[in-house]
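Work through the exercises below with the model open in your viewer. Try each task before you read its solution.

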Amino acid sequence: SRLLAKLLSPQPGERIYDPACGSGSLLIKCAEEVGSRDYSIFGQENNGSTWALAMMNMFLHDINQPDIKWGDTIDSPLHLDDGNLKRFNVVTANPPFSLDKWGAEQAPNDVHKRFWRGIPPKSVGDYAFISHMIESTYLEPGQNGRVGVIVPHGVLFRGGSEGTIRQKLIEENLLDAVIGLPANLFFGTGIPAAILLFKRQRPDRRVLFIDASRDFLPGANQNYLREQDLEKILTIYRARQTVEKYATLAEF
């Protein structure tokens, strides 16, 4: 959560949104990263008891007027402006990995037209969340619309409709960086994950790939990113440079 918040670097006055917010820790880290109380926090969570935890968490961390909705974001997004998807400067999430039965049957008739790049496979919902998140960012220059999402590695290479969506995202010049993380960082799954960063109005067409999978503190039940591991990732991401056996700035 801290790494994602620092990569996205929320600024005063920005709207921050998590469509799969769980107990709200990622939103709280983003709010703390702003450095003032000048922010707007939005989220949605499908599980009622987890939604209640998120509301309690917001209260305990003194988060300024959070707007957290209870419901299924893919089936029924609840943050709307005049019936259209509300848009945000920062959209971030750690959505459920490869969610089965995410609602592919309804996707072709989606009133918000989130899946125009392609319908994700019905048994793997990763790109449903990614598509929703990208369509929820501001389009205008100067609004700095950006997305940071944690995904399983299959998102990077699976074929079929996912390959089609992936190609379109790169052709649109939305993909900014791919950061490979160590295995066993998350409760409940040992699989390695990656962070995808998307940005509107990127200054060039290159994509930064960082392999941070070897830098961590081993633990008995899970591994941890140390302060120096976070700092290394952030330094290379901000510098956008190639580092042998660690990072590659890839041409289009």
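This is a predicted model: local features need pLDDT of at least 70, side-chain atom pairs count only at pLDDT 80 or more; totals for chains, interfaces and linings use all residues.

**Exercise 1. Find which residues touch the most other members of the largest nonpolar core, and which elements supply it.**

Step 1. The largest nonpolar core holds 39 residues. Those that touch the most other members are L7, I41, I195 and I210.

Step 2. Assign the core to elements. At least two residues each come from α1 (2-8), α2 (25-34), β8 (175-180), β9 (193-199), β10 (207-211), α7 (227-239) and β11 (247-250). With six residues, α2 gives the most.

Step 3. Zoom in on L7. Leaving out residues up to four places away in sequence, L7 touches I179, I195, L197, I233, L234 and Y237.

Step 4. Look apart from this core. Another core lies there, with 22 residues, including V147, L174, V178 and F198.

**Exercise 2. Work out how the residues of strand β6 point, and with which strands β6 pairs.**

Step 1. Strand β6 covers residues 90-93. From it, V90 and T92 point one way, while V91 and A93 point the other way. In a regular strand, side chains alternate between the two faces of the sheet.

Step 2. Check burial. V90, V91, T92 and A93 are all buried.

Step 3. Take the pairing with β1 (residues 15-18). β1 and β6 run in the parallel sense, over two bridges. Y17 has V91 as its bridge partner in β6.

Step 4. Take the pairing with β7. Here four bridges join the parallel strands β6 and β7. T92 has G148 as its bridge partner in β7.

**Exercise 3. Decide whether L139 is buried, partly exposed or exposed, and list its contacts.**

Step 1. Locate L139. It sits in the loop between α4 (126-135) and β7 (146-152).

Step 2. Apply the cut-offs: buried is under 20% relative accessible area, and exposed is over 50%. L139 has 42% relative accessibility, so L139 counts as partly exposed.

Step 3. List the contacts. Not counting residues up to four places away in sequence, L139 touches R87, R200 and Q201.

Step 4. Follow R200. L139 and R200 are 61 residues apart along the chain, yet their C-alpha atoms are separated by 6.8 Å.

**Exercise 4. Find how many cavities of 30 Å³ or more the structure has, and describe the lining of the largest cavity.**

Step 1. Searching the whole structure gives one cavity of 30 Å³ or more. The largest cavity has a volume of about 40 Å³.

Step 2. Name the lining: I134, T137, G145, R146, V147, L174, F198, K199 and R200. Two or more of the lining residues come from each of β7 and β9.

Step 3. Sort by class. The lining has four nonpolar, two polar and three charged residues.

Conventions
Residues are numbered from 1 along each chain as its sequence is written. Side-chain values use heavy atoms; hydrogens and water are left out. A nonpolar core is a set of buried Ala, Val, Leu, Ile, Met, Phe, Trp, Tyr and Cys residues joined through side-chain atoms within 4.5 Å. Buried means under 20% relative accessible area, exposed over 50%, partly exposed in between (1.4 Å probe, protein chains only). Contact means heavy atoms within 4.5 Å. On a 1 Å grid over the protein atoms alone, a cavity is a set of points where a 1.4 Å probe fits but cannot get out, and a pocket is an open set with protein on both sides within 12 Å along at least five of seven lines; lining residues have an atom within 4 Å of a point. Grid points are joined across faces, edges and corners, and a volume is the space filled by probe spheres set on the points. Ala, Val, Leu, Ile, Met, Phe, Trp, Tyr, Cys and Pro count as nonpolar, Asp, Glu, Lys and Arg as charged, and the others, Gly among them, as polar. Two strands pair if DSSP finds at least two bridges between them.
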